[in-house]
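Notebook open, structure loaded. I'm jotting down what I look up as I go.

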Amino acid sequence: WEVELNLSTADFSNGQGGLGMRQDADQSKDQYDLVRLPRFINYLDFNFPKPEYFAPEFSKDIVPTNGQHIWEFKVETNLSSPEIKLQWSDVSVDEYQKELWLYHKDQEVIVNMQQEQHYEFANQGTHNFAVYYGSKAFIEGELLPAKAVLTAAYPNPFTREVTVLFSLPERLESEFVRLSVYDLMGRNIKQVWEDTYRPGFYKVVWDGTSASGNRIASGTYLIRLELNGHQSIFKRVIKK
């Protein structure tokens, strides 16, 4: 299997990235890998490190088939565009009973690559990423961030329902976790989910209704992840 990766800004793109596995691939350079192209005036690059090879920076890294793997790479650019978009081809590793997650280390953001196909982030020069492939137990053991992260809400905008992903770290002094929806005036629309604190990955679906069960109006809303009643993380979602 293989995932094609593409980086883009408003006026520049690089579709030479990729990662994956093949039975006959080599851990170092082989015919499936791509060495990073030389830089000219402007660049927007993937850099998978291969220090043992004479050209140590790759844009595509295909490794031997294995039950688990972690790809480390950097995104580097000299462009002044305020935002970078990372996109990837549709991928499913469910048939292998595996998961595939993108981790933006600098921002402590994680994205399920089987449920999303893009991730946008502010352009700040160099960004450190990793992609984790493996069983649910492997992912949960390796990928728990150092802090609580409200990872994603998709689709966004949404029509009928939105799926919210978040993760909770191993060490955090909190007794309960609550997920709620607010409008931009700060009014509580609905408490979507609440439970005692346990580290791990969570997926909660909000059906686009208020606490009274009525369909909400179109507009912008805030998903609030609340820990122990005081620490909060917000993410905007748009109802069509």
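Is Trp-1 buried, partly exposed or exposed? I get partly exposed, at a relative accessible area of 21%. My cut-offs are under 20% for buried, over 50% for exposed and partly exposed in between, with a 1.4 Å probe and protein chains only.

**Ground rules.** This is a predicted model, so I take local features only at pLDDT of at least 70 and side-chain atom pairs only at pLDDT 80 or more, while totals for chains, interfaces and linings use all residues. Residues are numbered from 1 along each chain as its sequence is written, and side-chain values use heavy atoms, with hydrogens and water left out.

**Confidence.** pLDDT is the predictor's confidence in each residue, from 0 to 100. I read a mean of 91 for the protein, with 99% of its residues at 70 or more. Strands here are DSSP runs of at least two residues (E), helices are runs of at least four (H or I), and both are numbered from the N terminus.

**Aromatic pairs.** I pair rings of Phe, Tyr and Trp (its six-membered ring) if their centres lie within 6.5 Å; planes under 30 degrees apart are stacked, over 60 edge-to-face, and the rest tilted. That rule gives me 16 aromatic pairs. Trp-1 and Tyr-133 have ring centres 5.0 Å apart and planes at 40 degrees, so I log them as tilted. This pair links distant parts of the chain: Trp-1 comes before strand E1 (2–8), and Tyr-133 is 132 residues away in strand E11 (residues 126–134). Tyr-133 is buried, at 3% relative accessible area.

Next I checked Phe-73 and Phe-129, which are stacked, with 5.4 Å between centres and 10 degrees between planes. Phe-73 is in strand E6 (residues 69–77) and Phe-129 in strand E11, 56 residues apart. I find Phe-73 buried at 4% relative accessible area, and Phe-129 buried at 1%. Both belong to a cluster of ring pairs that also takes in Phe-46, Phe-48, Tyr-119 and Phe-121.

**Charges over rings.** I count NZ of Lys or CZ of Arg within 6 Å of the ring centre and within 35 degrees of the ring normal. Arg-39 has its charged end over Tyr-43, 4.0 Å from the ring centre. Lys-50 does likewise over the face of Phe-58, at 5.9 Å.

**Strand pairing.** I call two strands paired if DSSP finds at least two bridges between them. E1 and strand E2 (residues 13–22) run antiparallel, joined by six bridges, and form a hairpin with four residues between them. Ser-8 stands opposite Ser-13. E2 also pairs with strand E5 (residues 57–64), in the parallel sense, over five bridges; Gly-20 has Ile-62 as its bridge partner there.

**Cores.** A nonpolar core here is a set of buried Ala, Val, Leu, Ile, Met, Phe, Trp, Tyr and Cys residues joined through side-chain atoms within 4.5 Å. The largest has 29 residues, of which Leu-5, Leu-86, Trp-88 and Leu-102 touch the most other members. Another core, of 23 residues, lies apart from it and includes Val-181 and Tyr-197.

**Pro-169.** Pro-169 is buried, at 2% relative accessibility. Leaving aside neighbours within four places in sequence, its contacts (heavy atoms within 4.5 Å) include Pro-145, Ala-148 and Tyr-197.
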